[in-house]
Amino acid sequence: LGLALYASSLCAVSGAAFLYHDYCVIGAGPSGLQAAYFLQQAGRDYVVFERSHAPGSFFALYPRHRKLISINKRYTGKSNSEFNLRHDWNSLLSHDRRLLFRRYSRDFFPDADAMVRYLEDFASLLKLQVQYNTAIIHVTLERDRQAWNGHYFLLTDQDRQNYKCSSLLVATGTWVPNVVNFPGSEYVEGYETVSINPEDFAGQTVLILGRGNSAFETAENILGVTNFIHMVSRSRVRLSWATHYVGDLRAINNGLLDTYQLKSLDGLLEGDLEDLAIVKDKKGKLHITLRFYLENRNTSAGIDSVTLPQDELDNFATRAPYDRVIRCLGWKFDFSIYNRSLRMMPGKGNKKKYPQIKPSYESRSTRGLFVLGTASHSVDFRKSAGGFIHGFRYTTRAVHRLLENRHHGVPWPSTVYPITQLTNSIIKRVNEASGLYQMFSILADIILLRENATAFEYLEEYPVGVLAELETQTGRKAPNGLFVVIMEYGRNFSGADKDVFYYNRAVGEAQHAWQSNFLHPVIYYYKRLPTEREMRLRPPDWPLPRPDAVHHIVEDFLTDWTAPNAHILPLRRFLENCLSTDLRNFFAESCFLFAFTRQKLPPFCRQGYVRMQGLVGSEGLRRHAVEAGLLEDYAPTDFSGDRPPDSCEGSQEQLLRDQAIPVRPLQHLVNAKDE
C-alpha cells in the first residue's frame, strides 16, 4: 500500500494526471464485486470502475421478463454451508452470513430485481472500493520494464480522466447484442427494446430469430395471446437436461416445445439467418424470402415483383406473413474500448463472442490482463458453469490466488496432513466442496505427495488446464507425484441428441464405476507432474492427460459418496496400490504385533503407536474390541485369599502370575465389511 501511495504521489508531482492503483477492475457486476472482495480481504490496492450509478447494471435491465434461471434452493436438509452452495446459484463468496441470496428471495427462480438489491448490499456492506458513474472508454499499454508485467495499463474514462494500473481485471461480461445483418433487418425488433406487455401481441403472428433462453423466454411471455409463434435458428434446440450445460434451454422456458410437438400452431425451424431476407408489403405485413431472390430482382421494379419462396414451392413453411419479427440472439463481448496494443482478439467458431484467454483466465496476448465472469466462459463453453455466478465465483477466486503468488509471493493456500488422512480428506471434499461440484472438469483438488509418501499437501480448486504450470503458478513443489481429484460426467452421456432417460442409465456397482454416467468423482494419479506437451496431446474431451492410474468413485443417486463398501473401500484400495502402503487404522495390539512380524510398519502405526500417539484406552473401547473379536477378554474375574475385590494392591503382580494373556495372531480380514 505504501508503494502504491508513493507511486500515486509521484504521478501527481510529475503532472502526469494518472491516478495509480495496483489493480483495476472494469465492471461492478457479480464477477467484478467478487474480485474486489478477494482483493480487499488481501489488503491490496485496487479500484472497480462501474459505468452505472449502482452495481449489477446488466441485471437492472435483463432478463427483460425479470425471471432468472439460476436456482435458489433454500433447503437441502443439511447445515453444511459449503454443501449448500452447491444448490445456491446466486450467492457470491464472502465471510458475511447476511450475504446469502436466500435472504433476498424465497423464489426457486428469483426475480432479477432481487439480484440487483443483493449486489448493492454486497458492495455496500463489505465497503468495496467501487467508483460509480465511470465508463472506461479506452484502454492501452505503456511499456515499462519496472512494471510487474513489463507494462502498465492506461485507462481513460468518459470525462478524460486517466488511470494507471499494473494488473487489469476485465469483468464487463457480454452485453453487446448479437445482430445479424440481412436485407430487411431494419424491420426486426431487438430483445433489448421489444415490448414485454403480452397485450401488445394480442392476435398477432410472430417470428423469433434465435433459439436460446432469451428467445424462449420471449415466446413464453406471449404464448397465450398470439395467433402463432415461429422460431428460426441455424442450430437445433439444445436442452439443458440432455447436455448438462446450464446455458442451454431450461425447462422453465420451454412451453413452446409443447405447443410445437402437440400441434398447436407454434413451430421451430432451422435455417441460416444470413440467407434470409424480409420484405414488407403495403399492409405492413412481413414476408420471409431468401437473400438471392432480392439480389436477382430488378431494382427498378416495385416490391410486388419480389419473388417469394412460395411462388415456386406452394407449401413453403414460412409462407404466412408475420406481424412482427423479434431478434433474440444473445450477447457478445465489447472489444471496442481496447487499443490494438492489447491484442484482444475474439475466439473462433462458437466462441467468437468471447475474448481469447488461457486456461488461467489470462489474455493470450497481454500478460497481466485477466478476464473474469461471463466473458471468461470460452475456457469451458458448453462444458461447465464458468459463465454463470455459481461457476465464476470460484474461477475468480482461483485467479486471485494466482495473482497473490505471482505479485506478492503468497503461495496457493494448502494444508499438510499425515498420509493416513488421505482417504478421509478426499471423501470429505467430494461430498462437500461446491467449487469441484459446479466447475466439474475445470477446477480440481491437487494432492502433492511428500517424500516417501508419509504426508501430503492439499490444494483446493486449481484450474486443471494449467496443471503443467502448477509449480510456478502456486509456489508449491511436486517432486514426488500427485493425485488430482475432479468431478466428471460419463464420456458419452451428454449431448443435444442424447436420451438421458434411457432404462438402466445409472450404475450402482463399484466394479463398474468407470461406466458411471452422472456426475461423480474421478481421481487421477501421476508419478510426476504432466508436461505442457502432454497437456496439449491429451485425448479429446479428456480434462487431463493419461495418468499412471485412475479411479472412478461410482455415481450415487443422492450424490452422497460415503458408503463404506461402494465408495470408501475401493478408493482406499486404489490409493494403497498407488502408494504401495497400508492406509488402514489399527488398534495398539495390532501395531505391537506388526512391530515384531513386519519389516515395514503401516503409516498409522509409525505415526501414532510408535510415537505413543495411539488411541487412548477406555473401558468402552476395550469392551467394543472384545465384542468384535479383536482383543481377548483378559479382565480378572476371580480374586484369591481374603483380599476384597476392589483392592488394587498387588493386582498387577497377581495378573502376571495367575493369568496368562494369550496373544493371538491377527486374523486375516475375510470380507469388505470386516476390512
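Is C328 buried or exposed? C328 is buried, at 2% relative accessibility, where buried means under 20% relative accessible area, exposed over 50%, and partly exposed in between, with a 1.4 Å probe and protein chains only. C165 is buried too, at 0%.

Some housekeeping. This is a predicted model, where local features need pLDDT of at least 70, side-chain atom pairs count only at pLDDT 80 or more, and totals for chains, interfaces and linings use all residues. Residues are numbered from 1 along each chain as its sequence is written, and side-chain values use heavy atoms, with hydrogens and water left out.

Next, the disulfide, meaning a pair of cysteine sulfur atoms within 2.5 Å. A search of the whole structure finds one: C591 and C605, with sulfur atoms 2.0 Å apart. C591 sits in helix α17 (588-597) and C605 in helix α18 (603-609), so the link ties together parts 14 residues apart in sequence. Helices here are DSSP runs of H or I, at least four residues, and strands are runs of E, at least two, numbered from the N terminus. C591 is buried at 0%, and C605 is buried at 0% as well.

Now H244. H244 lies in the loop between α7 (240-243) and α8 (255-261) and is buried, at 16%. Leaving aside neighbours within four places in sequence, H244 is in contact with F440, Y489, F493, S494 and V500, contact meaning heavy atoms within 4.5 Å.

Finally, the whole chain: 20 helices and 22 strands, with 49% of its 675 residues counted as buried.
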